[in-house]
Amino acid sequence: MRIEAIPEKLIVAFVVVLISYLQLTTNFYVLGPAFGGWTTMFAQKLLAPMNILLISLYVNYYLACITEPGSTPEGWEPPYSIMNPDESVPIRVGILGPRFCKKCDSYKPPRSHHCRHCGKCVLRMDHHCPWLGNCIGFGNYSYFIRFVFSVMGCCSYGAYLLLWRLQRILDMRKSPWYMHQVSTTELVVIGFNLCLIAIVLLLVGVLAVYHSYCLLKGQTTIEGWERTKTKRLVNRRKIDPVEFPFDIGFYHNICSVLGRNPLLWWFPKSSPGDGLKYDVKPDTDPLVPYSWPPRDPKDLGPSIIERIEQEQHWEGKKLVRRDSEGYLVKEITMEDRIRMLNAESIETEHNFVLDESEWVDEE
């Protein structure tokens with residue numbers, strides 16, 4: 001059975017039960033009594049790091065689940081300069097006009113994508129997460145990041161304490177002075193909890209490593225795939241060279257998600273900004289953030305040239321027009337047409353398809 005077939009509320013309930021089980025049994029049944037009582041100062045001191053991370057885990061998970069990721073405001077349009085570009089600006093192959101969502105019948109802000117689960121365009125969409133029952137986007141990505149790292153820290157420290165307790169039990173059993181019999185139930189709980197924690201660390205660890213990379217590179221999961229495709233198109237000389245515009249350096253990339261004050265990066269707060277505009281690299285073409293990712297010219301096909309010729313025949317030469325998908329694009333010159341039609345033939349590329357269970361982007 002695929003996870004998409006399970007109601008998201010049940011998945012979220014399972015996550016909450018799992019966290020609660022590990023917290024209660026580890027804190028109160030195993031470690032508390034082992035440290036002389038859960039309320040003793042010694043126990044509180046040793047368990048404090050784990051419990052602080054548990055609070056962070058609960059708070060950020062809750063906020064990631066209930067916070068709206070953000071959607072396109074009604075009537076939003078790109079700036080006038082983008083909608084009406086200067087005719088003297090050279091045309092770059094692959095860089096078209098502002099993106100338009102046919103499902104929402106509206107323009108797409110930079111970095112937004114349409115999610116079929118949510119039925120709307122999500123601002124700075126990363127992915128749709130069934131484990132949170134929510135889309136991960138501009139509004140809640142910072143909570144998601146803090147949740148992931150809280151899980152890693154809490155489970156790692158909890159596993160260390162459980163292994164310490166298990167080692168103590170084994171050492172006591174080897175001692176000739178060992179008198180107290182440790183219950184079989186405690187040993188079973190320790191072993192079972194360690195297995196669960198190992199599974200969680202393995203699964204969430206993959207997320208932590210990948211999203212650490214995304215955070216440093218200033219990209220989302222979707223944009224990571226888009227950058228790979230764009231690099232392939234540039235290497236094959238199918239489009240003009242273009243850089244990912246939103247990577248503004250490691251430190252500033254982190255600040256764009258977690259806030260500008262490093263002392264508050266662990267404090268649960270949303271990302272700065274409105275989700276409609278983002279800082280870009282210096283000297284970036286203003287059109288690139290609104291048209292990213294570049295499109296493969298072969299996806300346009302000869303039909304686009306035929307439509308241009310028809311429009312020119314009936315309506316005269318046009319500097320700007322809108323294609324069938326709502327994109328505003330400049331007229332293609334004869335040089336551009338010859339370049340597109342004479343592009344070298346290559347084997348059919350694997351379609352750039354993201355997991356439809358998580359997102360669908362109609363571009």
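Please keep in mind that the model is predicted. The unreviewed UniProt entry lists residues 46-64 as a "transmembrane region", along with 12-34, 143-166 and 187-210.

**Another listed span**
- Residues 187-210 are likewise 100% helix and 0% strand, with end C-alpha atoms 35 Å apart.

**The largest pocket**
- If you are looking for a place to start, the largest pocket has a volume of about 980 Å³.
- Its lining counts 39 residues, and those nearest the centre are Trp131, Phe147, Leu203, Val204 and Leu207.
- Two or more lining residues come from each of α1 (8-34), α2 (41-66), β5 (127-129), α4 (141-174), α5 and α6 (221-235).
- Which element gives the most to this lining? That is α5, with nine residues.
- By class, the lining of the largest pocket holds 29 nonpolar, eight polar and two charged residues.

**How α5 packs against α7**
- Two packed helices are described by the angle between their axes and the distance between the axes.
- For α5 (residues 184-217) and α7 (residues 250-258), the axes cross at roughly 105° and come within 6 Å.
- With angles of 65 to 115 degrees counted as roughly perpendicular, α5 is therefore roughly perpendicular to α7.
- On the α5 side, Leu215, Leu216 and Lys217 make the contact, while α7 brings Phe250, Asn253, Ile254, Val257 and Leu258.
- Six nonpolar residues take part in the contact of α5 with α7, together with one polar and one charged residue.

**How α5 packs against α6**
- Here the axes of α5 and α6 lie 10 Å apart, at an angle of about 70°.
- That angle makes α5 and α6 roughly perpendicular to each other.
- Tyr210, His211, Cys214 and Lys217 of α5 meet Thr221, Gly224 and Arg227 of α6.
- The contact of α5 with α6 divides into two nonpolar, three polar and two charged residues.

**Backbone details to check**
- Most residues other than glycine have a negative phi, and most peptide bonds are trans.
- Where is the cis peptide bond with omega near 10°? It runs from Trp292 to Pro293.
- Pro293 belongs to the loop between α8 (288-291) and α9 (297-315).
- Asp105, a residue other than glycine, has a positive phi, near 55°.
- You will find Asp105 in the loop that lies between β1 (100-101) and β2 (106-107).

Technical notes. Residues are numbered from 1 along each chain as its sequence is written. This is a predicted model: local features need pLDDT of at least 70, side-chain atom pairs count only at pLDDT 80 or more; totals for chains, interfaces and linings use all residues. Side-chain values use heavy atoms; hydrogens and water are left out. Axes are lines fitted to C-alpha atoms, for helices over the stretch in contact, and angles run from 0 to 180 degrees between N-to-C directions. Helices (H or I, at least four residues) and strands (E, at least two) are DSSP runs, numbered from the N terminus. Angles under 35 degrees count as roughly parallel, over 145 as roughly antiparallel, 65 to 115 as roughly perpendicular and the rest as oblique. Contact means heavy atoms within 4.5 Å. Ala, Val, Leu, Ile, Met, Phe, Trp, Tyr, Cys and Pro count as nonpolar, Asp, Glu, Lys and Arg as charged, and the others, Gly among them, as polar. On a 1 Å grid over the protein atoms alone, a cavity is a set of points where a 1.4 Å probe fits but cannot get out, and a pocket is an open set with protein on both sides within 12 Å along at least five of seven lines; lining residues have an atom within 4 Å of a point. Grid points are joined across faces, edges and corners, and a volume is the space filled by probe spheres set on the points. UniProt positions are given in the numbering used here, feature names are shortened, and annotations may be inferred rather than shown by experiment.
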